[in-house]
Amino acid sequence: MLIRLFLIVSILAPAFVGAQDMPLSQVLIDGEGWEKVVDGFAFTDGLCTDAEGNLYFSDVKQGTAVYKVPAEGGDAVEFIKEKPGISGLQWAADGKLYACVAKEQRVICLTKEGEETELVNEVRPNDLVVTADGDLYFTMTPTKEIRRIDSSGKMTVVSEGVVTKPNGITLSRDQGTLAVSDHGGKYVWVFRIEKDGILTHPENYMTMRTPVADPEIAKGDGMATDVHGRYYVTTAEGLQMFDPTGRMGGVIATPDPDSGLVSVCFAGPDHAYLYVANGSAIYRRKTKTSGALFFEEPKPAEVMPKN
Amino acid sequence: MQEKRTARAAFVAAAISLFCLSGTVAEDYKPGPDAMEKEGVPKGTVTQYTWKSEIFPGTERDYWVYVPAQYDESKPACVMVFQDGGGFVRENGHTRAPIVFDNLIHAGEMPVTIGIFINPGVVPAAKEGQEPRKNRSYEYDTLSDLYARFLLEEILPEVGKSYNLTKNPDCRATCGNSSGGICAFTVAWERPDEFRKVVSHIGSFTNIRGGHVYPALVRKTKEDPKPIRVFIQDGENDLDNLHGNWPLANQQMAKAFEYAGYDYKFVMGTDGHSGRHGGAIFPDTLRWLWRDWKSLKP
């Protein structure tokens, strides 16, 4: 009888789970709003985290260092000094910190002790992501390019002219898909990462909400991914969340709407906090999910329990 | 042992709660006699194929072609395209379209029709352990002519290599459930010169990717409605979520069709987001959709 009931249930269970939504209520916690983490910078950017959940960031306009805030909170300290003009940061599986130095038109990597190696120069890097295999992808916003630097240091152009102003960049949790936000359009584009690291099959997979006054330009910027495969992108309209099939799940209001929202990452205890760079300050809020960490072994997205 | 029993009990409780949907208790919709094989009714053939698309770059998908026993290659056959085709083509599924086609074609209640049952595409993973990129929402929920072009430029020419398919838009129908339902409508809305018959069950005329605007668009065509025939079905217990409210959205569609003077039929049941009700009434839906088929020239 039990078996029969099981069969009936499995046949009658909703066939079109695709229409079920993945709302913000699966992520946000009642009563937990944005809290300010740091303030007093000119233009915070480049948010990233390490295995312990510490937060690293830059001040792309007036900063002189890579800054660090401990996972549990506290003041920002200069983690690596004399590194101005960084717009993208990411810890990788080799234990090194990779950086887009927009100001100097270079991509570099740094050891924890601050030893620098230059990967490429005379480029226009904005933001980057590094796969567990050590492939670095970075956006070149003004030239409509996405470039790859493989683990041997060789640089190739892997997308050109697809995204109007490629800006934020992230991976699916299984690292098989690369997602790039458009600062000059309204889509987040996805690409398949082939075995040899090239990008194929671009698709304007996610449609971002745009300002009423500027309906074609969402100002897509920094991106992040959570363990359930949802994508987050900072935009003129706030922090937009998309489910793994590219459907909008909601828009989280910008903490300080008078300043732009430019970078996002999961960090803090258990990587369960969303951090955003919002003008002079950085804010965070606790969530029910946690961030996908690309320096870890790729995993399939965790399936959300049914509503 | 104790643990096992507890787990079982919890499962049974969960199973029972599945039946107890909020609001009105749903009727028990089941496939009727027209969805059962009947003696003396010739059975069509169903063949499975795969397709790699260029309009949806990198995607691969299965599709099935149903060819009725009455098909005569010297005469163009009508065409009906199904989204999420794998669910519609199954002979023990919610709709059992091939059996319904066998019975209705045999009874002269619909024309000789080739059924094309297409699954949504996926971009397969490049490496082991990765998941395919699911393209269903992109293909079905987007308001554009892309899916119509996919049918017109890829699938129909491919199936047309083997079968004599009609080019008469009045003899081309499309059908789907949920996002496949709004997709069926979008195909005819975008290309009424090519497709003019639509069946939508539990259609997602909600804001998954902007589909909530359709009632307003339909109303603006009053006095000059598009030459399409639309059947829509929904249930009182259908979804109410961040994308929209399905029962209200379908009522808005029905009212818009009525206001703007469309050839439409709306059936509201009591079920939730399931293909059961649409499947149960599918034979009557086809009778309505093809009611004047004898006056058409495929």
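Four strands of chain A make up an open sheet in the order 18-19-20-21, with antiparallel pairing. Strand 18 (223-225) and strand 21 of chain A stand at its edges, each with a single partner strand, so one side of each has no neighbour in the sheet. On average, and ignoring direction, neighbouring strands of this sheet are turned by 20° against each other. Please keep in mind that this is a predicted model.

- Strand 20 (residues 238-242) of chain A is joined to strand 21 of chain A by four bridges, and the two run antiparallel.

- Strand 23 (residues 273-278) and strand 24 of chain A form a hairpin, with two residues between them.
- In the turn of that hairpin, A:Gly279 has a positive phi of about 75°.
- Six bridges hold the antiparallel pairing of strand 23 with strand 24 of chain A, and A:Tyr275 has A:Arg284 in strand 24 as its bridge partner.
- Strand 24 (residues 281-286) of chain A also pairs in the antiparallel sense with strand 1 (residues 35-38) of chain A, over three bridges.
- Within strand 24 of chain A, A:Tyr283 is the residue that stands opposite A:Lys36.

**Where chain A meets chain B**

- The contact involves 31 residues of chain A and 35 residues of chain B.
- On the chain A side, the elements that give two or more residues are helix 1 (2-12), strand 16 (187-193), strand 17 (199-207) and strand 21 (248-252).
- Strand 17 of chain A gives the most to this side, with five residues.
- By class, the side of chain A that touches chain B has 14 nonpolar, ten polar and seven charged residues.

- Strand 9 (residues 229-235) of chain B is largely enclosed by the rest of the structure, because seven of its seven residues are buried.
- Both faces of strand 9 of chain B are covered: one side carries B:Arg229, B:Phe231, B:Gln233 and B:Gly235, the other B:Val230, B:Ile232 and B:Asp234, and all are buried.
- Strand 8 (residues 197-201) of chain B pairs with strand 9 of chain B in the parallel sense over five bridges.
- Strand 12 (residues 263-269) of chain B also runs parallel to strand 9 of chain B and is joined to it by seven bridges.
- Together with helix 7 (residues 214-219) of chain B, strands 8 and 9 of chain B make a right-handed β-α-β unit.

- B:Asn241 has its place in strand 10 (residues 240-241) of chain B.
- It counts as partly exposed because it has 16 C-beta neighbours inside 10 Å.
- Leaving aside residues up to four places away in sequence, B:Asn241 touches A:Asp21 and A:Pro23.
- B:Asn103 is 138 residues from B:Asn241 along the chain, and 38 Å separate their C-alpha atoms.

How values were computed: Residues are numbered from 1 along each chain as its sequence is written. Chains are lettered from A and ligands numbered from 1 in the order in which they are written. This is a predicted model: local features need pLDDT of at least 70, side-chain atom pairs count only at pLDDT 80 or more; totals for chains, interfaces and linings use all residues. Two strands pair if DSSP finds at least two bridges between them. Two residues are in contact if their C-beta atoms, placed from the backbone, lie within 7 Å. Ala, Val, Leu, Ile, Met, Phe, Trp, Tyr, Cys and Pro count as nonpolar, Asp, Glu, Lys and Arg as charged, and the others, Gly among them, as polar. A residue is buried if 20 or more other C-beta atoms lie within 10 Å of its own, exposed if 12 or fewer, and partly exposed in between; C-beta atoms are placed from the backbone. A crossover is right-handed if, with the strands pointing away from the viewer, the path from the first strand over the helix to the second runs clockwise. Axes are lines fitted to C-alpha atoms, for helices over the stretch in contact, and angles run from 0 to 180 degrees between N-to-C directions.
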